[in-house]
Amino acid sequence: MKDFYTVRINFKGGIASPGELKYILEAAQESQVDEVRFGLRQQLIFHLPHPFARTFEQKMLAQNITFQSDDNVYPNIISSYVAEEVFQKGNWLTEGIYKDILDLFDYDAKLKINLSDNQQSFTPYFSGHLNFIASTNPNFWYLYIRLPKTNKIFSFEKLIFSNEIPKLCKFLEEKIAGKEQQFENNIDQLFNHIPSFISLEKETELEPAKFTLPYYEGFNRYGKKSWLGIYRRNEYFKVKFLIKLCELCQETKIGEICLTPFKSLIIKGIDEVSRGKWSNLLSAFNINVRHAANELNWQVEDDSDEALRLKLDLVKTFDEQDLRTFGLCFGIKTRPRTEVYASIMVQRRRFKLFNAIPLHYVYDISYTEDFNPNGRTKKYFETSILRFNLNEQLRRSVLEYNKMIAEDAIKAAGLRDDHKEEELAKPSTKKVHQCKHCFTIYDSDFGDLLNDIPAGVPFSKLPATYTCPTCEADKKDFKEVEVKMEII
């Protein structure tokens, strides 16, 4: 039995006040917490020893700070505010608009809500349940709904006015609660009796920005000021360091710290006079910056040392082979139903060899259409990979992506004859069945060793009681999909 509670504290929109964050960190420090992490949904996460739980709770209540203990019922409202000014600027979406929307939320949301600028790709578009994405019409947003426990995206027919977003979210959350399956088959029912709100007719669908991951750490100039990005290879930030960081923000009149979906921090608005103080702070705590890009472009599920170790091993292989990973974002999932933003995903799942015990693990490597992390169409490079072969298979997946980019460039330059290309043999395909919840594939050529289903049994012959080996979804929750059969 573990001897700590996992504490999560939400910072709405990824915006943390230095004063409030310092108060939380000092309370954590008094409770024998030395290190903390940040989460994919811009949360503060740390392990609180059992004996200090009551004292910590009292300190939080004294300042009306809400926290979750061994739970994540309220998964935080995330936003692309962190990208404003430094990665994206020039359109109608400003600091004030973000904050006006966030301030109007008068309840703790149980659904995942995303607020995204449509001209950036640093924060995810569709990882929430209610995904609001800025349109080209000032102060109006697209709404894309992904019902809980599903992966299908529904596009709302109208554009939503900025200040109506919190009211609409509250209405939809109350309507959806416990009725996901009902609305999945008839999404129009969800909008019956919707309260009146300011909207515009949607003339065109959203065109997601092409994915480009900005270099999000180190000192970087913008205008007459600088911003500082801080990333930690092991995800852990020393509490002592963060307290000093908050104090320096207060001293230099910086009113906010931004939490990123890549589990790092960004401090904006550093003036030239105080930049030396920030550099000295990094030196005092031996904080390194300017890591390789192939290490920064990863999304790893929250609070998972196992997934983090796997990432570091895969990055080491990339380094040894000097592999080009520009334009890609990698993700790692070792648990079902975790939300990770990636163009190439490494997902672990369980299997057993015949009737052998204990359980073993295999890995699937999938990718999104056009390799854009915001894409929702999922395809597979390779499935059922043993751990000893994972590094090599991931390397081959990256090489396949680089080959595709090179071929697209040649085609765009008019250096290739499309008619000759059509004469080349096309990759063959096969039909398999895929769980709509966790995307586990049932392939009759392999069977399902975990459920003692031998190879050769077609999906139609599986018993009605068959369940997904990963998430235990029912047989009816599998759908037929077509996948490419390629040797990479």
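Strand 4, residues 43–49, is largely enclosed by the rest of the structure, because five of its seven residues are buried. Buried here means under 20% relative accessible area, with exposed over 50% and partly exposed in between, using a 1.4 Å probe and protein chains only. And strands are DSSP runs of E, at least two residues, numbered from the N terminus, while helices are runs of H or I with at least four.

Before I go on: this is a predicted model, so local features need pLDDT of at least 70 and side-chain atom pairs count only at pLDDT 80 or more, while totals for chains, interfaces and linings use all residues. Residues are numbered from 1 along each chain as its sequence is written, and side-chain values use heavy atoms, with hydrogens and water left out.

Okay, which strands pair with strand 4? Strand 1, residues 4–10, runs antiparallel to strand 4, and seven bridges join them. Strand 3, residues 35–38, is also antiparallel to strand 4, over two bridges. Pairing, by the way, takes at least two DSSP bridges between the strands. If you want landmarks, Asn-10 stands opposite Gln-43, and Phe-38 stands opposite Leu-44. The hairpin of strands 3 and 4 has four residues between the strands, and Gln-42 there takes a positive phi near 60 degrees.

Now, the aromatics. You describe a pair of rings by the distance of the centres and the angle of the planes. Rings of Phe, Tyr and Trp (its six-membered ring) pair if their centres lie within 6.5 Å; under 30 degrees between planes is stacked, over 60 is edge-to-face, and the rest is tilted. How many aromatic pairs does a search of the whole structure find? It finds 30. One of them is Phe-105 with Tyr-107, a tilted pair at 6.0 Å centre to centre and 40 degrees between the planes. Phe-105 is buried at 5% relative accessibility, and Tyr-107 is buried at 16%.

And why is the pair of Tyr-142 and Tyr-144 called tilted? Because the planes are at 35 degrees, with the centres 6.1 Å apart. Tyr-142 is buried, at 7% relative accessible area, and Tyr-144 is buried at 7% too. Elsewhere, Phe-87, Phe-122, Tyr-216, Trp-227 and Phe-262 form one aromatic cluster.

Last thing: charges over rings. That needs NZ of Lys or CZ of Arg within 6 Å of the ring centre and within 35 degrees of the ring normal. The charged end of Lys-268 sits over Tyr-81, 4.2 Å from the ring centre. Lys-475 lies over the face of Phe-459, at 5.3 Å.
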